[in-house]
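Here is a friendly briefing to read alongside your structure. Have the viewer open and follow the elements as they come up.

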Amino acid sequence: MAEEPISETLSAAPHSAETNGHSDGLLAFDEVRPRLFGIAYRMLGSAAEAEDIVQDVWLRWQATDRRMVENPPAFLATTTTRICINFAQSARSRREIYVGPWLPEPVDTSNDPALGAERSEALGLAILLLLEKLTPTERGAYVLREAFDYSYREIADILQTEEATARQLVSRARKHIANERRTPVSSEEQRRLLEAFIAAAQKADLAALESLFAEDVVSYSDGGGIVRTAARAPVSGREHVARFIAAFASHFWTGMTLAWVETNGQASVLMSREGIPVALATIDASVRGIDQIMWIMRPSKLAGIPAGRLPPH
């Protein structure tokens, strides 16, 4: 059952800002802009869509009588969250007809590990993928609480609901994520496993690959219907994934340059050929081994990743 759109009407009236008012408004907006982007990105899993949302919020902020706004950061966060919830309704239907597996757009976090948040929660690609299974309102409540440490009272105000309902929304989201995901390994172990995986994949070493994988490992390839070499369906199971990785090794790695980068708070590998990004690979792992391999191959999702920020061990 579809959720009702959340009203974006806030207690402030339009007006024409004078020069000094515009400067004050720009300062207030710039101070919280990283947070607004961080909220929007986590809720939508797309840096491009998050930038559009933040721009929309800025335009609305310009047209707002800011003398009526007692708490600009709260006002801007509320506006951002409500727009994202409504936008997520249509985004879900678009992703249902997406060609092949849809993966979140990776973002460079080398300079901002928490991406504008109090904590780096709800930022890894595996978590963002799970958030897509929640309702937009559950997603908003979870992001505000877990990443940005908003109180339940503040979340209730943003979502136009009761505090008890806000608690229930966060609780349901936590349970869903806990049930769907195993406890991840440390960032150092994730990096070690990724390095071992890339080395084994380049050599098409079936035994080495299988030794790294959890029994129910899944490989996702997001080419968006544009990249022919991207698998149109997830590949699952230790032996199947190992054979799949080994099968394309002879041609995939030819002429490929690897750069270690940090995306979404974890180590990833950006692969380029003749200076053009071809794919970004990262993994999600637990004590059982590599649970998920994520290949982002759609060119538009690779545009914002600078190469070579994280040197190899």
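**A bent helix, a sheet and its neighbours**

Helix α3 has a kink of about 30° centred on Ala 88, the bend at a residue being the angle between axes fitted to the seven residues ending there and the seven starting there. Helices (H or I, at least four residues) and strands (E, at least two) are DSSP runs, numbered from the N terminus. This is a predicted model, in which local features need pLDDT of at least 70 and side-chain atom pairs count only at pLDDT 80 or more, while totals for chains, interfaces and linings use all residues. Residues are numbered from 1 along each chain as its sequence is written, and side-chain values use heavy atoms, leaving out hydrogens and water.

**Confidence**
- The chain averages a pLDDT of 91, and 91% of the residues score at least 70; pLDDT is the predictor's confidence in each residue, from 0 to 100.
- Over residues 11-19 the pLDDT is below 50.
- Residues 309-313 also have pLDDT under 50.

**The sheet**
- Six strands form an open sheet in the order β2-β1-β6-β5-β4-β3, with mixed pairing; two strands pair if DSSP finds at least two bridges between them.
- At the edges are β2 (235-236) and β3 (256-263), each pairing on one side only.
- Strands β4 (residues 266-273) and β5 (residues 276-286) are antiparallel partners over five bridges.
- Ser 272 stands opposite Pro 277 in β5.

**Helices**
- Helix α8 (residues 187-203) lies across β1, β3, β4, β5 and β6, at about 30° to β4; axes are lines fitted to C-alpha atoms, for helices over the stretch in contact (heavy atoms within 4.5 Å), and angles run from 0 to 180 degrees between N-to-C directions.
- Helix α10 (residues 238-247) lies across β1, β2 and β6, at about 45° to β1.
- The axes of α6 (residues 152-159) and α7 (residues 163-180) come within 8 Å and cross at roughly 100°.
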